[in-house]
Amino acid sequence: MNKQSAAKPPVWFWVVSVLALLWNLMGVMNYLGTAFMKEAIKAEMTPAQIELMENTPAWVTAAFAVAVWFGAAGCIGLLLRKKWAKSALGLSLIGVIVQMGYSFFMTNASEVYGKTEAVIIPVMVIIIAILLVFFARLSERKTWIT
């Protein structure tokens, strides 16, 4: 599909895309803090939280990186009205599922962090990632992204 046949997106498309980018940039900041400011973060953690963080496998950290970087890229793609945004957001969703699956099923995170941080927030992250993939699919179908 070429630029001439692309439909003009409604205002709410732009609002959702900007909010989604801000959401994903918060994830990027969280990742960067975890990756590069471990000592500062550890100063505010309990010993059990530090142990959980230090025992996180590299593949989970990689899934975290995929989730946040592809999520941010996908949202930028939405703002640029590019079809590849859907693929980037799909990869982000896979990263989210891998990361949260580890947290839910292979750790005692709910005991260490409590229900809000270990269950409610991760479920919210998964739901938002799913909704962003559906939003990108809708945007493609409506030819808002080409």
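Modeller: Before we start, a word on aromatic pairs: rings of Phe, Tyr and Trp count as a pair if their centres lie within 6.5 Å. Please keep in mind that this is a predicted model.

Colleague: Thanks! How many aromatic pairs does a search of the whole structure find?

Modeller: That cut-off on ring centres, within 6.5 Å, was applied to the whole structure. The search gives a total of 8 aromatic pairs.

Colleague: What kind of pair do the rings of Phe13 and Trp14 make?

Modeller: A pair of aromatic rings is described by the distance of the centres and the angle of the planes. For Phe13 and Trp14 the centres are 5.0 Å apart and the planes stand at 85°. Planes over 60 degrees apart have their own label, so this pair is edge-to-face.

Colleague: Which residues form one aromatic cluster with Phe13 and Trp14?

Modeller: Phe13 and Trp14 are both members of one aromatic cluster.

Colleague: Is Phe104 buried, partly exposed or exposed?

Modeller: Phe104 sits in helix H5. Leaving aside neighbours within four places in sequence, Phe104 contacts Ala118, Val119, Pro122, Val123 and Ile126. Buried would need under 20% and exposed over 50%. Phe104 has a relative accessible area of 28%, so it is partly exposed.

Colleague: How far apart in space are Phe104 and Val119, C-alpha to C-alpha?

Modeller: In sequence, Phe104 and Val119 are 15 residues apart. Phe104 is also in contact with Val119. In space, their C-alpha to C-alpha distance is 7.7 Å.

Colleague: Which helix gives the most to the lining of the largest pocket?

Modeller: This pocket has a volume of about 1300 Å³. Of its 43 lining residues, those closest to the centre are Asn30, Thr34, Phe64, Gln99 and Met100. The lining divides into 27 nonpolar, 12 polar and 4 charged residues. The helix that gives the most, with 10 residues, is H1.

Terms used
Residues are numbered from 1 along each chain as its sequence is written. This is a predicted model: local features need pLDDT of at least 70, side-chain atom pairs count only at pLDDT 80 or more; totals for chains, interfaces and linings use all residues. Side-chain values use heavy atoms; hydrogens and water are left out. Rings of Phe, Tyr and Trp (its six-membered ring) pair if their centres lie within 6.5 Å; planes under 30 degrees apart count as stacked, over 60 as edge-to-face and the rest as tilted. Helices (H or I, at least four residues) and strands (E, at least two) are DSSP runs, numbered from the N terminus. Buried means under 20% relative accessible area, exposed over 50%, partly exposed in between (1.4 Å probe, protein chains only). Contact means heavy atoms within 4.5 Å. On a 1 Å grid over the protein atoms alone, a cavity is a set of points where a 1.4 Å probe fits but cannot get out, and a pocket is an open set with protein on both sides within 12 Å along at least five of seven lines; lining residues have an atom within 4 Å of a point. Grid points are joined across faces, edges and corners, and a volume is the space filled by probe spheres set on the points. Ala, Val, Leu, Ile, Met, Phe, Trp, Tyr, Cys and Pro count as nonpolar, Asp, Glu, Lys and Arg as charged, and the others, Gly among them, as polar.
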